[in-house]
Amino acid sequence: MFRWERSIPLRGSAAALCNNLSVLQLPARNLTYFGVVHGPSAQLLSAAPEGVPLAQRQLHAKEGAGVSPPLITQVHWCVLPFRVLLVLTSHRGIQMYESNGYTMVYWHALDSGDASPVQAVFARGIAASGHFICVGTWSGRVLVFDIPAKGPNIVLSEELAGHQMPITDIATEPAQGQDCVADMVTADDSGLLCVWRSGPEFTLLTRIPGFGVPCPSVQLWQGIIAAGYGNGQVHLYEATTGNLHVQINAHARAICALDLASEVGKLLSAGEDTFVHIWKLSRSPESGYIEVEHCHGECVSDTQLCGARFCDSSGSSFAVTGYDLAEIRRFSSV
């Protein structure tokens with residue numbers, strides 16, 4: 001069971017974008033950072049464990065070319081082996097900051113290239129894999145940035161071309177030194193999933209076809225891909241083969257966010273039906289098949305949810321954001 005804890009106030013509501021909440025836990029400082037996007041700015045907040053807000057500031061998208069301020073599409077903390085960077089994506093480019101958001105270390109402008117005048121240009125979908133940060137784009141390409149241990153000498157090392165539709169989300173997990181391990185999955189607006197092995201050169205291992213609806217959010221845990229779709233379903237796939245093991249009719253409307261508590265294999269799903277669900281993933285010891293158990297359901301009434309994240313790797317607390325909701329709502333286990 002979970003109970004509603006003290007909410008964290010926002011200066012404005014979260015934008016109606018999928019995956020519109022990022023959480024970074026800093027156990028050494030007994031703090032949790034939250035990041036939320038609205039229009040041309042991102043709100044960054046820090047809070048103590050009991051939810052008392054300690055600091056709040058705003059980051060604005062770098063202008064680039066154009067007369068109107070660019071809209072931010074996502075904010076996400078990328079935890080690398082040797083540093084943590086805050087990444088912002090927008091309709092103009094990609095910004096990378098030190099974790100507190102005060103020092104910008106890199107700016108990458110998006111090239112509209114062959115885009116038609118009616119085609120939106122943007123970046124969306126952010127994840128760290130080893131010493132790389134991967135960012136999805138409107139064209140379906142995934143930009144791979146090589147991140148040094150310190151300093152601003154970030155290099156665009158590769159562009160992955162597995163998709164034809166705009167990227168929606170990217171998920172990774174540590175490969176732990178194993179060969180031929182699927183440790184990254186990318187999703188797009190057609191519902192197509194591409195499974196990759198990271199490294200000095202990223203390798204496409206398999207494609208999982210879509211079925212006519214977008215896949216706004218995707219997660220990866222111990223070789224299990226959890227994909228949330230626009231029809232409210234969650235599918236669980238075997239990462240190495242792409243085989244579908246479990247199909248869950250999780251929500252009555254589109255899924256807007258998934259998250260995983262890596263220590264315990266708990267999956268968090270949030271949908272536009274105002275519900276948040278928690279599922280326990282596991283494998284059958286006999287067959288190795290993926291199994292799932294429903295653990296908790298929570299209704300955030302009269303709210304169009306747009307972001308949901310666990311606040312810790314054990315899955316003992318989570319937070320949600322909603323459109324026209326000027327706060328981050330926190331829930332913790334009892």
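1. A quick term before we start: a salt bridge is a side-chain nitrogen of Lys or Arg within 4 Å of a carboxyl oxygen of Asp or Glu. By that rule, 7 salt bridges turn up here. In one of them, Asp259 and Arg309 meet through their side chains, 3.2 Å from N to O. The two sit in distant parts of the chain, 50 residues apart: Asp259 in strand β23 (residues 255–261) and Arg309 in strand β27 (residues 304–310).

2. Some housekeeping. You're looking at a predicted model, where local features need pLDDT of at least 70, side-chain atom pairs count only at pLDDT 80 or more, and totals for chains, interfaces and linings use all residues. Residues are numbered from 1 along each chain as its sequence is written, and side-chain values use heavy atoms, leaving out hydrogens and water.

3. Back to that pair: buried or exposed? Asp259 is buried, at 8% relative accessible area, and Arg309 is buried too, at 12%. (Buried means under 20% relative accessible area, exposed over 50%, partly exposed in between, with a 1.4 Å probe and protein chains only.)

4. Now have a look at the open sheet with strand order β7-β8-β9-β10, paired antiparallel. Its edge strands, β7 (72–79) and β10 (104–109), each pair on one side only. Strands here are DSSP runs of E, at least two residues, numbered from the N terminus, and two of them pair if DSSP finds at least two bridges between them. Strands β8 (residues 84–90) and β9 (residues 93–98) share 5 bridges, and Leu86 stands opposite Tyr97 in β9.

5. Arg83 lies in the loop between β7 and β8 while Glu98 is in strand β9, so the pair ties together parts 15 residues apart in sequence. Arg83 is buried at 9% relative accessible area, whereas Glu98 is partly exposed at 27%.

6. Which kind of aromatic pair do Tyr106 and Phe145 make? Their ring centres are 5.5 Å apart and their planes stand at 65°, so they are edge-to-face. Tyr106 belongs to strand β10 and Phe145 to strand β13 (residues 142–146), 39 residues apart; both are buried. (Rings of Phe, Tyr and Trp, its six-membered ring, pair if their centres lie within 6.5 Å; planes under 30 degrees apart are stacked, over 60 edge-to-face, the rest tilted.) The structure holds 6 aromatic pairs, and Phe2, Phe318 and Phe331 form one aromatic cluster.

Conventions
Helices (H or I, at least four residues) and strands (E, at least two) are DSSP runs, numbered from the N terminus.
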